[in-house]
Amino acid sequence: MHKVVHIRPLDDAVGHEESADCLCGPVGENVYARATTQVFGMIYRHHALRPCHSWEASAEM
């Protein structure tokens with residue numbers, strides 16, 4: 001099973017969707033298992049539209 005995690009800014013100028021299609025254009029990065037080269041999951045880093053000091057990570061279920 002592939003896990004997906006979104007790292008999103010809190011209290012930004014816009015609300016961020018837990019989606020790769022979010023308005024901010026998040027960047028996806030594969031996460032690999034240490035022992036193999038198999039992809040274990042994906043981390044999406046969302047972009048803040050205004051300076052942000054608080055971030056929230058949430059996993060898709």
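User: What does the accessible surface of the protein chain come to?
Analyst: About 4600 Å², with 55% of that belonging to carbon and sulfur atoms. Accessible areas here come from the Shrake-Rupley method with a 1.4 Å probe, and for residues only the protein chains shown count as cover. Bear in mind that this is a predicted model: local features need pLDDT of at least 70, side-chain atom pairs count only at pLDDT 80 or more, and totals for chains, interfaces and linings use all residues. Residues are numbered from 1 along each chain as its sequence is written, and side-chain values use heavy atoms, with hydrogens and water left out.

User: And how much of the protein chain is buried?
Analyst: Of its 61 residues, 25% are buried (under 20% relative accessible area; exposed is over 50%, partly exposed in between, 1.4 Å probe, protein chains only).

User: Switching topic: how many helices and strands?
Analyst: Zero helices and four strands, so the pattern along the sequence reads β-β-β-β. Both are DSSP runs numbered from the N terminus: helices are H or I with at least four residues, strands are E with at least two.

User: Is Cys22 buried or exposed?
Analyst: Buried, at 6% relative accessible area. Cys24 counts as buried too, with 13% relative accessibility.
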